[in-house]
Amino acid sequence: MAAAKPLQDNFGRTIDYMRISITDRCNLRCTYCMPKKVRLVPAEKILTFEEIITVCQAAADLGIQKIKITGGEPLVRRGCPLLIGRIKRIAGIEQVTLTTNGILLGEYLEELLANGLDAVNISLDTLDADIYRKMTGCADVSVVIENLEKAVKSGVRVKINSILQKGINDREWESLVNLAENRRMDVRFIEMMPIGCGKKYEAIRGEEVLWALKKKYPLAEKELFAHGNGPAVYYRIPGFSGSIGFINAVHGKFCASCNRIRMTSEGKLKPCLCYSDSVDMREILRGDDPEDIRREKVRKALYKAVRHKPAMHCFESKEQISEDRQMVQIGG
Ligand code: SAM
Ligand code: SF4
C-alpha cells in the first residue's frame with residue numbers, strides 16, 4: 001500500500017492519534033470514573049487482540065501513527081504487553097503508549113519495555129494513603145509510588161495525570177508537583193470532564209492550579225514546545241527535572257487542535273468523547289468477508305468516524321452532552 005496521506009476531518013484537522021480501550025474492567029473504583037454498579041460488557045463482546053490488530057493495521061493504512069492503549073485498566077487484561085509489541089511492529093505505527101493506574105505496572109514494566117512501549121501515563125490524584133483509598137475505593141498508594149519510581153528509573157518517558165476535586169484532593173497539587181522536582185517526569189493536571197460520574201463532582205479549573213503554582217514558584221515559565229500527542233500546556237520550574245502540565249479540557253477548549261479518535265473495548269469508534277455517536281467496528285470485524293474486504297471495510301469505518309468528528313465538545317452545556325456512559329466504559 002502507498003504511503004498514507006494524512007487523515008483529515010471535515011474541519012481540516014489531521015487525525016494521527018488513536019486511543020484504544022482494551023477492557024472495561026478495572027482493579028480500582030475511582031469515584032468519578034467507575035461507580036460500583038457499572039454494567040460490564042460481556043467478555044465475548046470485547047474485541048480480541050486479533051481484531052484490535054486488524055483495526056490498528058487499517059488505522060496505520062490511513063495515517064494513524066500513534067496509539068494509546070487504555071481501559072478500564074489495560075494491565076488487567078492478560079497479554080497487554082504482547083499486544084503492544086504486535087502494534088509496534090505494524091508498518092506506519094511510530095509510537096505506542098499506555099495509560100495505567102500504576103498498580104500492576106511494576107509487575108509488567110520489564111515486559112512492556114521489551115515489547116517497545118514508548119511512554120507511560122500513570123494516573124495518580126494524591127500521594128496521601130487515606131485520600132487515595134477513599135478516591136479509588138480500595139487501593140494502596142505506596143504500590144503506585146513504588147512502581148512509578150521503577151518506571152522513571154527504567155528510562156521510559158513517564159507522565160503523571162492528576163484530577164483535582166474541591167474538598168477531596170485539592171491540596172494535593174503541591175506534593176504532586178514536587179514529584180517532578182528530582183524525577184525526569186511530567187506532572188499534569190487534567191480538568192475533570194462532565195462524563196459519567198464526573199458530572200457529579202466539583203472539578204477544579206486548571207487556571208486555579210496555575211495561579212497557585214505561580215504564587216509558589218514565581219519563576220515558573222511557560223514552555224514553547226509540545227511534550228507529546230495531547231493538548232497540554234507545560235510550565236518549567238527552575239531547578240525541576242520534570243515539567244508541570246495543564247490539560248484544561250473543559251475551560252480551555254482545545255478542540256481546534258483535536259488530533260484523535262477513540263475506540264471502546266467493544267469496538268465502538270467514537271469521534272468525540274462528548275457525544276454518544278459511534279461507528280460499530282465489531283460487526284465488520286466479525287462478518288463473513290474475506291480478509292482484504294474486511295480490512296477495506298474497517299478503513300471505511302475509520303474514515304466515517306473521522307468524518308463525523310464534530311467541530312467541538314459541549315462540556316459547558318451539560319444538557320447537550322449525549323454520551324451517558326462512564327469513562328471506564330469508554331476508555332479515558
Ligand atoms: N485505568 C487507567 C488509568 O487510570 O489511567 C486508564 C483508564 S482511565 C479511564 C484514563 C484516565 O481517564 C485517567 O487518568 C482518569 O483519571 C481519567 N478520567 C476518568 N474519568 C474522568 C473524567 N470524568 N474527566 C477527566 N478524566 C477522567
Ligand atoms: Fe479504573 Fe482508571 Fe477509571 Fe480509576 S480512572 S476506575 S483506575 S479506569
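**A helix and its buried side**

A: Let's start with helix α7, which spans residues 206–216 and in which G206, V209, L210 and L213 are buried. Buried here means under 20% relative accessible area, exposed over 50% and partly exposed in between, with a 1.4 Å probe and protein chains only. Helices are DSSP runs of H or I with at least four residues, strands are runs of E with at least two, and both are numbered from the N terminus. An α-helix has 3.6 residues a turn, so residues three or four places apart point the same way. On the face of α7 turned away from the buried side you will find the exposed residues W211 and K215.

A word on the source: this is a predicted model, where local features need pLDDT of at least 70 and side-chain atom pairs count only at pLDDT 80 or more, while totals for chains, interfaces and linings use all residues. Residues are numbered from 1 along each chain as its sequence is written, chains are lettered from A and ligands numbered from 1 in the order in which they are written, and side-chain values use heavy atoms, leaving out hydrogens and water.

So what covers the buried residues of α7? The cover includes α6 (173–178), β6 (186–190), β8 (233–236) and β9 (244–247), with contact meaning heavy atoms within 4.5 Å. In the loop between β8 and β9 sits S243, which counts as buried because its relative accessibility is 0%. Not counting residues up to four places away in sequence, S243 touches several others, among them A180, M185, H227 and Y234. The side chain of S243 also makes a polar contact with that of E223, at 3.1 Å; such a contact is a pair of N or O atoms within 3.5 Å, and within protein one must be able to donate a hydrogen and the other to accept it, while residues adjacent in sequence count only if both atoms are side-chain atoms.

Now for the ligands. Ligand 1 is surrounded by 18 residues, the closest being G72, E73, T99, S123 and M193, where near means that a heavy atom of the residue lies within 4 Å. An oxygen atom of ligand 1 is 2.5 Å from an N or O atom in the S123 side chain. The residues around ligand 2 include C26, C30, C33 and N101.
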